[in-house]
Every structure is written in structure tokens, then in C-alpha cells.
Amino acid sequence: MLTLYVHIPFCKTRCSYCDFYLVTRRDHISEFFKALSIETASRLSEWKGQTISAIHFGGGTPSMVPERYLAEWLDEIASMCTFAPDIEIALEANPEDLGGNAMDELRAAGITRLSLGVQSFTPEKLRALGRDHSALESQQVTASALQKFKSVSVDLICGVPDEQLPLWKADLQAAVELQPQHLSVYMLSVEPKTRLHRNVVCGAVTVPDDALQASLYEHALGELTIQGYTHYEVSNFCLPGHHSRYNLASWKREHYLGFGPSAHSFVVAEGQEIRSANVSSLTRYIANPGSAVAFREELSAEERFTEEVFLSLRINSGLDVEFLRKENKLGLRLSQTIARFEERGWIEEHEGTLYLTQKGFLFADLIAGDLIFG
Ligand code: SF4
């Protein structure tokens, strides 16, 4: 089984907090899809006949491009590979692009799951994030998507400038009332080189401190669990059977192919694990589709181990203790490290597997780093 990711690098404007690779022009959409066809034909030739279980259109804003491009590209893939009978074809969409009959057209193009970039159901947070849609649109588009698609995911951001717990509670409540099958809850992260970063540095805006961020996140964990959602990854919650297939495959280190500028791939060939990424440049991608590679590296045993620890701890299937002990170089210090985190209530061991606790999820990377490097 194979999963595919496509990076569609177009947005109307760049949001203040975003550091993804994208362009804010539309004049190259048609050339981008021509290049995408060339890249997929060339790279999928060695995977001919493989069964594809999931395709994920991410970005950027995939809902900005005319649906016919998506449908034509999916037809090309179907002519080279076999689609699993229950294939998940997911598309990230912004609410303002989903008016009129856009959802019907996406469904006709083959999309089975919408991942809605709602971010908030409150006007003050949408304003603070500089998003183009209104709170009413967040609500109406989610309700309408739930009527039309098998699976709908809603992205929410917490920890926006000046946000306090009551506002977050109201926001989350609005999301839960709609009962989407999947929720992604992201803490606003202040990434270098973004407008948000500049605004924070010069004091124009203040983001919640670590303690407040922690209480916002813990509220989400508690509330969504009460509401019947499974917390299956640090930021992701779903009703049974509605996890994101592409994302879960990448966290479980199953192989996937990424197409488009800046897209990453991970494949296992003859026992060797290979990670690669395309260049983060639309111009270079269009000029040289299929060979616009930024890097390609075979993972060493140490890199494999590091990835396995970091990624396994982030998901609810946990980290195999036997594997950790066998591959780890810390000796006695490993047991001490595990004991220290257990005492703090950050990890728990059940039947040979280590799991992060609700509190531990706040420190996932720190815990993984200490389990590897001491
Ligand atoms: S819409 Fe999404 S991808 Fe585009 S700039 Fe905003 S956050 Fe980034």
C-alpha cells in the first residue's frame, strides 16, 4: 500500500504566522499541473500497479485551484496505480473557497475527505489571525461539508495573541457542537521569519505564555476525550475510523511519495530507508519537474532510531520498550530517564509499551530527546 501527498503551493495572501512554502500568485496554476503530471508519470513508473490507500492534497490552499485540475490528475494516477476500494482522497480547504457548488464539484472530482482550515469559530480570533472568512462562514461551511463528505476534519488554532481560557472554551465548544469526525488542534507557534515573529519581537502583539498555552491544550485534551474523540497524535483527535490516513502513515514511517515543490517523500527500498524533498521553488519545479530535488539521503541506523522514537511517542500506539532498550546507547541512564519521566507523570508503561500521558504530550520532543541522548 502506498500513500501520496501533493503540495499545491498557492495562497491568496500569506497569513502572518505561516512559514510553509507557497506563492501568492495564481498565474502559474496551469503550468504547475503540467509539471505535476510530468513528475508523477516519471516517479510513479517504478510503482506501477501498486495499490494506493490515501492521497492528500495539502499546501498552500488546494481549494483555490479549479477542481478540473484535481480530477484530471487523479485520472492520471488511476491509470498507473490501483485505488484501494475505500481510498481516502483528502483536500485541505479554506472556508471562503467553498461557496456555491464548490463542494459538489470537489466530490465529483473524487475528494472523499475535507480538511477545513477553519482555525476558529470566533470573530476576534479570526481577526487576530488575519483570516479571510467570518465566524459564521466557519460554522456554515463545516455544517454543509458534514452533509456532503464521508469525513470532515476541522483545524483549530489555540494560543492566538491575547487569547484566554474562556475564549478557547467557547471556540472548542462551537466546534464540538458541529460534531466533525476529526479535529486538529494546533498551538500557535511563532516561527522565525514570519510577520507574527516580527510583531512579537517588536512588542506589537503578545502571545500566551507557556503556562497559559499548557492550560489551553490540556482543556482541549480533557474536553475532546469527554466528547468521545480519540487523541491519536499530539495535535489530532478523531471519532472511530476517521484518523487522517496519509498523516498516520507518515507518523508510522510507512512509505509515501510527495509531489510538488517542497514535498517530502519516504521510501523503503531493498532494506534501505530513503528520505527526499523537492526544491522549495515553484519556478525551479516547473522548469525541471521530476528532478527538482533539494535533497535525497539514506538514513543511517542512528537516524532511523531517532525518527522511530520521536514519531512513536507522538502517536497513541506508543513506543516499544524492548526496541528502545536494544537500540539505545544510554545503558543504565535509560532506566533512570524513564523513571524520572514516570515520576513526573509524563510517561506510563503498559505491557512493554511507553505512552505519553496528557501532561507528557506537552513535552513530547523533550522526552524523546532525553530518551535518545540522555
Ligand atoms: S492559508 Fe494556510 S497555507 Fe496559506 S498562508 Fe494561510 S496558513 Fe499558510
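Residues are numbered from 1 along each chain as its sequence is written, and side-chain values use heavy atoms, with hydrogens and water left out. Because the model is predicted, local features need pLDDT of at least 70 and side-chain atom pairs count only at pLDDT 80 or more, while totals for chains, interfaces and linings use all residues.

## Ligand shell

The ligand is surrounded by C11, T13, R14, C15, Y17, C18, F20, L22, G60, T61, N94 and R131; a residue belongs to this shell if one of its heavy atoms lies within 4 Å of the molecule. The shell divides into 6 nonpolar, 4 polar and 2 charged residues. In this scheme Ala, Val, Leu, Ile, Met, Phe, Trp, Tyr, Cys and Pro count as nonpolar, Asp, Glu, Lys and Arg as charged, and the others, Gly among them, as polar.

Of the shell members, T13 is placed in the loop between β1 (2-8) and α1. Helices (H or I, at least four residues) and strands (E, at least two) are DSSP runs, numbered from the N terminus. T13 counts as partly exposed, because its relative accessibility is 48%; buried means under 20% relative accessible area, exposed over 50%, and partly exposed in between (1.4 Å probe, protein chains only). The C-alpha atoms of T13 and G130 are 9.9 Å apart, although 117 residues separate the two in sequence.

G60, also in the shell, is found in the loop between β2 (51-59) and α2 (67-80). The peptide bond that leads from G59 to G60 is cis, and its omega is near 15 degrees.

## Cysteines

The structure holds 0 disulfides, a disulfide being a pair of cysteine sulfur atoms within 2.5 Å. C158 is in no disulfide, and the nearest cysteine sulfur, that of C15, is 17 Å away. C158 counts as buried because its relative accessibility is 0%. C18 also counts as buried, at 14% relative accessibility.

The expected span of a helix is 1.5 Å times one less than its number of residues. The table sets out the end-to-end C-alpha distances beside this expectation.

| Helix | Number of residues | C-alpha span | Expected span |
|---|---|---|---|
| α6 (residues 165-178) | 14 residues | 20 Å | 20 Å |
| α11 (residues 301-314) | 14 residues | 20 Å | 20 Å |

In α6, the buried residues are W168, D171, L172, A175, V176 and L178. They cover an arc of only 160 degrees around the axis, which puts them on the same side of α6; the arc is that of the directions from the helix axis to the C-beta atoms. The face turned away from this buried side carries the exposed residues P166 and E177. The buried residues of α6 pack against β4, α4 (123-129), α5 (135-148), β5 (151-158), β6 (182-187) and α8 (210-226), where contact means heavy atoms within 4.5 Å. Q179 follows α6 and has a positive phi, near 55 degrees.

In α13, L334, T337, I338 and F341 are buried. Their arc around the axis is only 95 degrees, which puts them on the same side of α13. An α-helix has 3.6 residues a turn, so residues three or four places apart point the same way. L332, Q336 and E343 are exposed on the other side of α13. Cover for the buried residues of α13 includes α12 (321-327), β14 (347-350), β15 (353-356) and α14 (364-373). Just after α13, G345 takes a positive phi of about 75 degrees.

In α11, F305, E307, V309, L311, S312 and L313 are buried. The elements that cover them include α9 (245-251), β11 (272-278), β13 (319-320), α12, β15 and α14.

## Further single residues

A35 lies in helix α1 (residues 29-44) and counts as buried, at 3% relative accessibility. Not counting residues up to four places away in sequence, A35 touches Y285, I286 and P289. The C-alpha atoms of A35 and F259 are separated by 9.9 Å, with the two residues 224 residues apart along the chain.

Q119 is a residue other than glycine with a positive phi, near 70 degrees. Q119 is placed in strand β4 (residues 113-119) and is buried, with a relative accessible area of 8%. E270, another non-glycine residue, has a positive phi near 50 degrees. E270 is found in the loop between β10 (264-269) and β11 and is exposed, with a relative accessible area of 86%.
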